[in-house]
Amino acid sequence: AGLTYPERLNVVTELLDRHVLEGRGGRTAIIAGDLRWSYADLAEQVNRIANVLIRDLGMVTGNRVLLRAANTPMMVASYLAVLKAGGVVVATMPMLRAGELIYPIRKAKIALALCDHRLLGELEAAQAQAPELTRIVSWGDDATGSLDALMRQPGYENFTAADTASDDVCLIGFTSGTTGEPKGTMHFQRDILAICDCYGARVLKADPEDRFIGSPPLAFTFGLGGLVLFPMRIGAAMILPEKAGPPDLIDAIERHKASVVFTAPTAYRAMLDRLEGRDISSLRICVSAGEALPKPTFDAWQARTGLPLMDGIGATEMLHIFIGAPRETIRPGATGLPVPGYEAKIIDEAGVECPDGTPGRLAVRGPTGCRYLADARQAKYVLDGWNVTGDTYLRDADGYFWYQARSDDMIISAGYNIAGPEVEICLLTHPAVAECGVVGAPCPDRGQIVKAYVVLREGILGDANLVKELQEHVKAHIAPYKYPRAIAFVTALPKTPTGKLQRFALREIARSEA
Ligand code: 3UK
């Protein structure tokens, strides 16, 4: 994809300052409720924060800075300010508790944090147990010594970008750690441009008049790319709703005429149930990532909006999406093709490439991955430059990649290998089912049985008849041995902070219920 960047590169010069220098400073960068920041406004806020970092807080190039905030304009400005000052961003999900904040602080030895004052409590509680964190500066309450007050100092409106190398580490993204301690994945200044120039330019293909919106937190690289980097690379606007649950997302799409949306399959399903009488016709590009996109969800969204959902698999390790398909080449049910600039392959247990059509482990190589921060697991998950994912996939004869399951989510029942997601997809085609999670439950006879946890649509009662009906539904549509022998009706499913179904938590529940 022709990705050569100069040896010295500060990504904020390219993403932000260039727009101002080239006369696009008046374009809208951020829309948040009634607030509008032009590119010039944003550039000034970034400069002010960068000056505070260097002049008041003693940050030097290469220092790591923890950020803690929801998706707000100040979060965006702080993020870019750390990059412009040559620091390393460690952004944390707003919903993390003190106990979860300690790990990244200690692992990355972070001395300085910037924090929205509304989220200070948990960070201060973490600090009590992580003495490496010596300084927390908050914003939003305009207190003495707050970031707001420091930013207003005279002469702070200009700032010269740190002279960073294109391969200086500039962000550490922590994985959600569903399979052990979180892993810190390190990314370079140039990686940030690379995702814009690969996925953004070649697959997403948005334009400067687009208005981007979505729900993933900016601390999750899915949100960072989709809501901040992709729009900025082309001078488009980002909409940052105060809340980002499905009803708020619909409100904000309608109010601000959003045209590009980034969210997870669950949110698309939840939005579908709430579109009655709403006008979301401003949308033209809808990206789904974070979890497998079931074909029934693709079909329902297309039937309702006329738009295909653009599936894409990404990972914190790779920074963003590395398999997806441009709108004109989408194959419903498949994740897509390697994003230009990336290579993907399917390997067996021995690391040998599988023939087309045979499921195996997905491995990926490209410009943006993958280096872990001080982690012995590098040797296990990065082989010869290939990042070995935890996903089972197959490639068809045309080169499209089809998701099967997380490798540890395969259910083995009476000798049959059953992919939980396949059963979930089938259950989702039943009109009573809103959400579901399918896992293996221990069984003395069969080793495991297929057990489904089902959230029903509003107003539907889960009884023995419905259990029977759902089981018959599965048997009628996929191989009968895959049917869920046990079905439990629940009001909600366990999710990670990044919105993924926690199948391991369901497995625990299934084990305790067995
Ligand atoms: C799963 C998918 C099937 C898959 C992410 C877009 O999700 C992101 O990063 P994480 O590190 O998780 C990675 C894992 O999530 N997954 C993501 N997308 C899909 N599975 N189909 C999909 N479309 O198990 C993968 O290994 O949290 C997504 C952009 C940036 C990201 N960090």
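For the linings described here, Ala, Val, Leu, Ile, Met, Phe, Trp, Tyr, Cys and Pro count as nonpolar, Asp, Glu, Lys and Arg as charged, and the others, Gly among them, as polar. The model is predicted, with local features needing pLDDT of at least 70 and side-chain atom pairs counting only at pLDDT 80 or more, while totals for chains, interfaces and linings use all residues. Residues are numbered from 1 along each chain as its sequence is written, and side-chain values use heavy atoms, with hydrogens and water left out.

Two cavities of 30 Å³ or more are found in the structure. A cavity is a set of points, on a 1 Å grid over the protein atoms alone, where a 1.4 Å probe fits but cannot get out; lining residues have an atom within 4 Å of a point. Points are joined across faces, edges and corners, and a volume is the space filled by probe spheres set on them.

The largest cavity has a volume of about 80 Å³. Its lining has 13 residues, with L309, D311, I330, R331 and A334 closest to the centre. Strand β13 (residues 309-314) gives the largest share of this lining, three residues; strands are DSSP runs of E, at least two residues, numbered from the N terminus. By class, the lining of the largest cavity holds eight nonpolar, three polar and two charged residues.

The second largest cavity, at about 40 Å³, is lined by Y79, A91, L171, I172, G173, A219 and T221. Here strand β7 (residues 169-174) provides the largest share, three residues. Five of the lining residues are nonpolar and two polar, with no charged residue.

Methods: 1 Å grid on protein atoms, 1.4 Å probe; cavity = no way out; pocket = protein on both sides within 12 Å on 5 of 7 lines; lining within 4 Å. Helix = DSSP H or I, 4+ residues; strand = E, 2+ residues; numbered from the N terminus.
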